[in-house]
Structures are given as structure tokens and as C-alpha cells.
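Load the model in a viewer and keep the sequence panel open beside it. The stops below say what to select next and what is there.

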Amino acid sequence: MGELRVSAWKRYGKDRLYVSQPDGTTVAWFDRATGRIVIEVEALREAAIEALAPYLTRPPASNAFSVASDFEKGPPSPPPPEYDLALNQPGVSLLPKLREATPGLLQRSLAWILRRRTAAYSWNAGIVGERTVGRELERLSRHGWRALHSIPLSARNDIDHLLIGPGGAFTINTKNHPKASIWVGNDMVKLNGGEAYPYVRKSRGEAARAARVLERGCGFPVPVTPLIVFVKPASIRVEQTLLDVRALSERDLSSLGPRSGVLDPAQLELVYAVARDSRNWVGR
């Protein structure tokens, strides 16, 4: 195995220490701002903690805050239905855009004859992708995870999904590119070696926005990890230098199920209560 190495990493306002094997595989990381420790290789947990020991000046965030006393009278009440994001279905925010882009009969016939995709095709693919990911997230509920969909940030922008559970909080940017070869760099994504798309930057911004909203509403830091989830890709290759954004397929979401140790039950309920109220998001 070799001796584990500890290296500092500062970027995008974060200050972390990464524990790695000699081949560069990340074993664990420690957020010096929040005290949070994340173990990536469970078999090396003890070795990772030992390597980090000289740097641990405060307990992990999961133990740093306790809101259990606030729940003695029961969990927070849900928001009124008109503000309750828990009622949103995956892809619902794309439906008006699909209706607006759907051509008339003549235009559809012409597009079929010319074998051209209409603007509605992309919006429909987006809805299918978000519904597919939504079904995968629903399967995580048996592990204590909660999922919200189509979280509005403005009239034009939203977060596709927000996943909250014992293992933390994750924003999910869903991309439906079946059978595509995906390359993920530090800021951009390329499909089949072609045009670059700013999916990484967008995902990073969504997670930062979510972290601000949740911390403001909860009263304690809530680290949020950005995910880009590709639906049925042929392959995904991620540059090793990309550390703060994860890229995976929809099937890989199941790996999040067993994760724990970040939010205790009371914290989870509070984070979910704040997140499901749309009034906490728009204009924040």
C-alpha cells in the first residue's frame, strides 16, 4: 500500500487537506473550515485518521453542532403547499419550456421529412433525464435520504435535484446524453470529443448557492457536494485534478445509499425543512 500522504488544497473558497495513496488515489479529506472529515476508502479509515491526527484542531462538523433540543416538540412543520418543493415532480420546471418549443403540425411534419430535431427534442430529453434520475433517487429513501426536484432559483434557472441524507447534501445537475463518451475537466465537459459545455462551472455554482441557503436557514454550515449525473452514457472520464465536483452515471447514485456520519437525524430534518421551502431559494 505504501505510506499515505497529506497535501493541502485551497480553491473556490475551500481549505482542505487530502490524504492520498502513493498512486494519487484519494483516501480521505478534511475540511479545515468546518472540521468535516470524509472517508473515501473505508478500509483505510484508521490509517487516514492517523495521518490527519496532527492537523485535527476541532471535531468533525457532524459532532460540532447539535439541534436535537430544537426537536423536542417534533420536527419542523412543512411549508404551505404553494411553497412546498417536496410536491415537485422531477423535470416539472422544463414542462413550460417544452410546450413553448413544441412546433405545430406543419413544422413537425417538415422536421420529420428533413430528419431534423426540433428545439422541443432537447427539452423532452431533459425531462426524460430528470425523471430517470428521480427514480434512482427515490430508491435511496430506504437508506434515509430525501430528494427534492426542480428547485427554483430564478425565473430562468433551477437546481435539477437536491439530495439530503445521513451522508450529507448533494446538488445534482442531470444531463441526458445516452451512449455518449463523456470527458469531464476542471471547468468544462466534452461530448464525444466535440463541443465543450460549462456543466462543471454550473454545478459548482449551484452547490455554493445551496450551501449559502442551507447555512442561512439552519444556523450551521451545511457542506454541499455538486454532482453531474449523466444518463446512460457510454463512458465517463474525469480529469484527476477535478476534486470538488463529482461526475457519475445515474446507476452510480446507489453508491451514496450507505453513506452516513455527516448529518444526524435532527440535523437532517432541519436541513430538509429549510430546503423544501421555495421561499428560502428565490432571490437568495
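**Stop 1: the loop residues**

Select Lys179, which is found in the loop between β7 and β8. Helices (H or I, at least four residues) and strands (E, at least two) are DSSP runs, numbered from the N terminus. The model is predicted, so local features need pLDDT of at least 70 and side-chain atom pairs count only at pLDDT 80 or more, while totals for chains, interfaces and linings use all residues. Residues are numbered from 1 along each chain as its sequence is written, and side-chain values use heavy atoms, with hydrogens and water left out.

Phi of Lys179 is near 65°, a positive value in a residue other than glycine. Most residues other than glycine have a negative phi. Is Lys179 buried or exposed? Lys179 counts as exposed because its relative accessibility is 73%; buried means under 20% relative accessible area, exposed over 50%, and partly exposed in between (1.4 Å probe, protein chains only).

Now go to Lys232, in the loop between β11 and β12. Here too phi is positive in a residue other than glycine, near 50°. Lys232 is partly exposed, with a relative accessible area of 48%.

**Stop 2: the whole chain**

Zoom out and colour by secondary structure. The protein has seven helices and 13 strands. Of its 284 residues, 44% are buried. Contact means heavy atoms within 4.5 Å. Among contacts with a separation of 6 or more, 58% are between residues 24 or more positions apart.

**Stop 3: the five-stranded sheet**

Select β5, β6, β7, β11 and β13. These five strands form an open sheet in the order β5-β6-β7-β11-β13, with mixed pairing. Two strands pair if DSSP finds at least two bridges between them. The edge strands are β5 (146-152) and β13 (246-249), each of which pairs on one side only. On average, neighbouring strands of this sheet are turned by 30° against each other, direction ignored.

Helix α6 touches β6, β7 (168-175) and β11, and its direction makes about 145° with that of β11. Helix α7 packs on the sheet as well, touching β5 and β6, and its direction makes about 165° with that of β6. For these angles, axes are lines fitted to C-alpha atoms, for helices over the stretch in contact, and angles run from 0 to 180 degrees between N-to-C directions.

**Stop 4: inside β11**

Which residues does Leu227 touch? Leu227 is found in strand β11. Not counting residues up to four places away in sequence, Leu227 touches Phe170, Thr171, Ile172, Asn173, Ser203, Arg246, Leu248, Leu253 and Leu256. Leu227 is buried, with a relative accessible area of 1%. For a distance check, the C-alpha atoms of Leu227 and Val200 are separated by 8.8 Å, and the two residues are 27 residues apart along the chain.

Move to Thr225, also found in strand β11 (residues 224-230). Thr225 counts as buried, at 14% relative accessibility. Leaving aside neighbours within four places in sequence, its contacts are Arg36, Ala169, Phe170, Thr171 and Ala207.

**Stop 5: the α6 and α7 pair**

Keep helix α6 (residues 199-218) and helix α7 (residues 265-275) on screen. They pack at an angle of about 115°, with their axes 9 Å apart. The two helices are therefore roughly perpendicular to each other; angles under 35 degrees count as roughly parallel, over 145 as roughly antiparallel, 65 to 115 as roughly perpendicular and the rest as oblique.

Show side chains where they meet: Val213, Leu214, Gly217 and Cys218 in α6 meet Leu270, Val271, Val274 and Ala275 in α7. The residues of this contact divide into seven nonpolar, one polar and no charged. In this scheme Ala, Val, Leu, Ile, Met, Phe, Trp, Tyr, Cys and Pro count as nonpolar, Asp, Glu, Lys and Arg as charged, and the others, Gly among them, as polar.

**Stop 6: the four-stranded sheet**

Finish with the open sheet of four strands in the order β10-β9-β8-β12, where the pairing is mixed. Its edge strands are β10 (196-197) and β12 (235-238), each pairing on one side only. Strand β8 (residues 181-184) and strand β9 (residues 189-191) pair in the antiparallel sense over three bridges. Select Ile182 to see Leu191 in β9 opposite.
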